[in-house]
Amino acid sequence: MHLIAPSLLASDFLHLEKECKMVNESQADWFHLDVMDGRFVPNISFGIPIIEHIRKVANKPCDVHLMIEEPEKLTEAFRKAGADHIIVHIETCPNLHSNIQQIRALGMQPGVAINPHTPVEALFDILEDLHHVCVMSVNPGFGGQVFIPHTLKKIRDLKKAIHERGLHVLIEVDGGVTVDNARSILHAGADVLVAGNTVFKSPDPKEVISQLKSIEV
Ligand code: DX5
Ligand code: ZN
């Protein structure tokens with residue numbers, strides 16, 4: 001069964017507690033929390049103090065997506081704020097293997113995100129150390145963008161590589177996921193769907209989460 005990770009980036013920040021409770025009561029599996037530094041990506045979102053508050057209300061694992069340079073400097077602080085998973089970008093980590101070891105040593109599950117232009121093969125030699133790969137299906141930095149179709153091939157190639165190695169690494173797909181394209185994304189091999197605008201800009205977010213969860217491939 002695939003997992004659903006609503007991205008709080010598209011939620012109503014004035015009513016974060018209410019939004020978190022909606023996710024708690026829904027069929028969602030993880031909270032997806034997007035942290036941006038205005039350097040690696042051309043936008044700034046939220047950081048450690050907000051995640052601390054979300055963690056007090058959230059009753060599901062918090063999947064923290066770090067779109068920041070030098071993530072190793074803040075990994076421990078995000079752990080203290082309550083992160084369960086940390087996703088770092090391959091593009092910001094020249095010493096990716098040690099970043100992953102650090103995340104594990106702090107008791108969290110490591111994920112690695114990969115931008116649309118980065119070949120997925122760049123991850124093959126590190127797959128066995130990962131909990132999940134976050135395949136970016138938009139350019140990181142903003143919610144509400146359109147899904148980039150060539151991502152489907154990346155998902156298929158990654159799935160094949162994971163399968164050939166006999167691994168259980170999850171494939172998370174992040175950006176432009178809708179109720180309409182979710183089935184083809186799952187069919188390509190996705191295990192986790194991140195959805196921001198599709199969930200939070202809907203008049204009935206819980207129902208949308210339930211629709212995404214019940215898609216059969
Ligand atoms: C983009 C973020 C995504 C974003 C997805 O940089 O990593 O998690 O919130 O938003 P939607 O689902 O609206 O494309
Ligand atoms: Zn994200």
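Which residues come nearest to ligand 1? Asp34, Gly141, Asp174, Gly196 and Asn197 do, out of 20 residues around the ligand (a residue is near if one of its heavy atoms lies within 4 Å). The model is predicted: local features need pLDDT of at least 70, side-chain atom pairs count only at pLDDT 80 or more, and totals for chains, interfaces and linings use all residues. Residues are numbered from 1 along each chain as its sequence is written, chains are lettered from A and ligands numbered from 1 in the order written, and side-chain values use heavy atoms, without hydrogens or water.

An oxygen atom of the ligand lies 2.8 Å from an N or O atom in the side chain of serine 7. For aspartate 34, the distance is 2.8 Å. For histidine 65, it is 3.2 Å. On its own, ligand 1 has 380 Å² of accessible area, and the protein covers 99% of this (Shrake-Rupley method, 1.4 Å probe).

Strand 2 (31-36), strand 3 (62-67) and strand 8 (192-195) each give two or more residues to the shell (strands are DSSP runs of E, at least two residues). The largest share, three residues, comes from strand 2.

The structure holds one aromatic pair (ring centres within 6.5 Å; planes under 30 degrees apart count as stacked, over 60 as edge-to-face, the rest as tilted). The rings of phenylalanine 13 and phenylalanine 46 have centres 5.9 Å apart and planes at 80°, so the pair is edge-to-face.

Note on methods
Polar contact = N/O pair within 3.5 Å; in protein donor to acceptor, adjacent residues only side chain to side chain. Helix = DSSP H or I, 4+ residues; strand = E, 2+ residues; numbered from the N terminus. Phe/Tyr/Trp six-rings, centres within 6.5 Å; stacked < 30°, edge-to-face > 60°.
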